[in-house]
Amino acid sequence: MGLDQKLRRDRVVFYERDITRFDGELDGFLELSCARSALLIDKDGHLVTRRGETEDKNIESICALVAGSFAATKELARLMGEDQFNTLYHQGGRDSMQISLVANQALLALVFDDRTSLGLVKYYSVESIKRIEDILKEIEARVGETESLSSDFGTSAAAALDRLF
């Protein structure tokens with residue numbers, strides 16, 4: 001098995017159309033809930049997409065810490081006799097965060113402030129999580145399918161490299 005095939009088997013591959021669908025769902029959630037931002041993160045801590053007020057220069061660190069926090073809490077749940085906790089809340093003086101497990105594949109981190117409440121964020125996130133899970137199931141179902149490159153891709157890529165150098 002080649003490296004490309006192994007990566008496709010071991011990791012979910014997101015295409016532009018997938019990100020567009022995720023972005024639409026997150027935008028709808030933000031509009032309804034009045035939350036500040038939404039981050040969709042894979043369980044390894046890599047950002048899939050982000051919407052809302054996400055100008056933070058440390059977004060990669062935030063994603064890694066969200067995944068680490070969730071992993072640590074999973075172990076805590078196990079020690080308490082639970083399989084896992086599906087949702088975490090972090091409350092701050094200015095901002096708060098809800099982190100939810102999505103289809104056992106991703107984490108949805110929702111940042112909100114006093115423009116909304118935990119109740120509204122939680123309420124609207126339930127349906128959004130279900131719809132994101134549906135998208136993830138569709139993506140998982142197409143594992144093994146490959147996106148084909150146009151017939152002139154090699155020529156176009158070579159020309160672009162020539163212009164660059």
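Leaving aside neighbours within four places in sequence, which residues is Thr49 in contact with? They are Ile19, Phe22, Asp23, Leu26, Ala38, Leu39 and Leu40, where contact means heavy atoms within 4.5 Å. This is a predicted model, in which local features need pLDDT of at least 70 and side-chain atom pairs count only at pLDDT 80 or more, while totals for chains, interfaces and linings use all residues. Residues are numbered from 1 along each chain as its sequence is written, and side-chain values use heavy atoms, with hydrogens and water left out.

**Thr49**
- Thr49 sits in strand E2 (residues 47–52), a strand being a DSSP run of E with at least two residues, numbered from the N terminus.
- Thr49 counts as buried at 6% relative accessibility, given that buried means under 20% relative accessible area, exposed over 50%, and partly exposed in between (1.4 Å probe, protein chains only).
- The side chains of Thr49 and Asp23 are joined by a polar contact of 2.4 Å, a term for a pair of N or O atoms within 3.5 Å, of which, within protein, one must be able to donate a hydrogen and the other to accept it, and residues adjacent in sequence count only if both atoms are side-chain atoms.

**Cysteines**
- The structure holds zero disulfides, a disulfide being a pair of cysteine sulfur atoms within 2.5 Å.
- Cys34 is partly exposed, with a relative accessible area of 41%, whereas Cys63 counts as buried at 1%.

**Leu79**
- Leu79 lies in helix H3 (residues 59–79), a helix being a DSSP run of H or I with at least four residues.
- Leu79 is exposed, and its relative accessible area is 61%.
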